[in-house]
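Here are my notes on the model, point by point. Please read them with the coordinates open.

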Amino acid sequence: METLSENRCFGGVQGVYRHASHSTNCDMTFGLFLPEEADHAPVPVLWYLSGLTCTHENAMVKAGAQAWAAEQGIALVFPDTSPRGEGVADDPNYDLGQGAGFYVNATQAPWAPHFQMWDYVTEELPRILTANFNVDEDRQSITGHSMGGHGALTMAAALPGRFRSVSAFAPICHPTAGDWGRKQLGAYLGPNEDSWNAHDAALLIQENGLDIPLLVDTGSSDQFIDLLMPEALARAVMKRRIPADLRLQKGYDHSYFFVSTFMEDHISFHAEALYS
């Protein structure tokens, strides 16, 4: 593993690292914030999954998360959103290919050789973190924005016992029914729509429930709200009668101004679960 940078940050260290990935068959880059407490004992972890077009860097520099994570003694992990590099398949559109991995394991050409983002985020990168940094493998939570919110919700719903809490900022809630989902799931997973359901948060939660705390914020003025379908997630939560905080924030859009505004709420929410 190669250290690309390490900067002092709110008493801790914000690092950026690169490694050869067995899951994606290419080099992957991730950001990791370690609070000061990691100098003395393993610290709990909050995963942050980013959205379309993003790299590891967007949330790391725009979300304002480190100050609140330092206050709570929580590590933050910022994975990339897709494999990248020479020989990795891509698409000229922003919503497919590099920067748009959708946190699935692709089964279709030309994506399958590299686009194994589910395995990378849920299996390989956690092993790398616990082997190389002072983080607690048993105290972990997950959040994300937009496409990353989709990833956070689906991973939490599909992997019971893995995370202590889950939250999302403007997540794609029902991708099997919308333009932010059908195109990508069809390309990565093929035409059998039954295989898509394992990556649809509204369907997963409606079918299986969710046994950890859930917080979701979406802006009422989000320019992509019709693609996000927050009402589908609300219906699933109500059908299963799951305790949850689903909030529509008046006047906010899809930007990192929105994410940074409510980041303190989300980190405090996760801290309560991680330290309970």
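1. H4 passes H6 in a left-handed crossing. This is a predicted model, and the points below should be read as such. Leu153, Thr154 and Ala157 of H4 make the contact, together with Ala201, Leu204 and Ile205 of H6. Sorted by class, the H4 contact with H6 holds five nonpolar residues, one polar residue and no charged residues.

2. How do the axes of H4 and H6 cross? They come within 9 Å, at roughly 25°. Angles under 35 degrees count as roughly parallel, so H4 is roughly parallel to H6. H6 covers residues 201-208.

3. H3 passes H4 in a right-handed crossing. The two helices pack at an angle of about 60°, and their axes are 12 Å apart. H3 and H4 are therefore oblique to each other. On the H3 side, the contact uses Trp118, Val121 and Thr122. On the H4 side, Thr154, Met155 and Ala158 meet them. By class, the H3 contact with H4 has four nonpolar, two polar and no charged residues. Note Thr154 of H4: it is listed in the contact with H6 and also in the contact with H3.

4. Ser146 deserves a check of its backbone. Its phi is positive, about 60°, although Ser146 is not a glycine. Most residues other than glycine have a negative phi. Ser146 sits in the loop between strand S6 (135-144) and helix H4 (147-158). Is Ser146 buried or exposed? Its relative accessible area is 4%, so Ser146 is buried. Leaving out residues up to four places away in sequence, Ser146 touches Gly51, Phe169, Ala170, Pro171, Ile172, Trp180, Leu228 and His254.

5. Ala170 is not a glycine, yet has a positive phi of about 45°. Its place is in the loop between strand S7 (166-169) and helix H5 (182-189). With a relative accessible area of 0%, Ala170 is buried. Both backbones are worth a look in the display.

6. Which peptide bond is cis? The bond from Ala109 to Pro110 is, with omega near 0°. Most peptide bonds are trans. Pro110 belongs to the loop between strand S5 (75-79) and helix H3 (117-132).

7. Now the core. The largest nonpolar core has 86 residues. Leu32, Trp47, Leu129, Ile142, Val166, Tyr188 and Leu210 touch the most other members. Helix H9 (residues 256-274) gives the largest share of this core, eight residues. In soluble globular proteins, nonpolar side chains tend to be buried together.

8. Tyr188 is one of those core residues. What does Tyr188 contact, leaving aside its neighbours within four places in sequence? The partners are Leu96, Gly97, Ala100, Gly101, Phe102, Val104, Ala106, Thr107, Gln108, Trp111 and Phe115.

Notes:
Residues are numbered from 1 along each chain as its sequence is written. This is a predicted model: local features need pLDDT of at least 70, side-chain atom pairs count only at pLDDT 80 or more; totals for chains, interfaces and linings use all residues. Side-chain values use heavy atoms; hydrogens and water are left out. A nonpolar core is a set of buried Ala, Val, Leu, Ile, Met, Phe, Trp, Tyr and Cys residues joined through side-chain atoms within 4.5 Å. Buried means under 20% relative accessible area, exposed over 50%, partly exposed in between (1.4 Å probe, protein chains only). Helices (H or I, at least four residues) and strands (E, at least two) are DSSP runs, numbered from the N terminus. Contact means heavy atoms within 4.5 Å. Axes are lines fitted to C-alpha atoms, for helices over the stretch in contact, and angles run from 0 to 180 degrees between N-to-C directions. Angles under 35 degrees count as roughly parallel, over 145 as roughly antiparallel, 65 to 115 as roughly perpendicular and the rest as oblique. A crossing is left-handed if the near helix is turned anticlockwise from the far one by less than a right angle, and right-handed if clockwise. Ala, Val, Leu, Ile, Met, Phe, Trp, Tyr, Cys and Pro count as nonpolar, Asp, Glu, Lys and Arg as charged, and the others, Gly among them, as polar.
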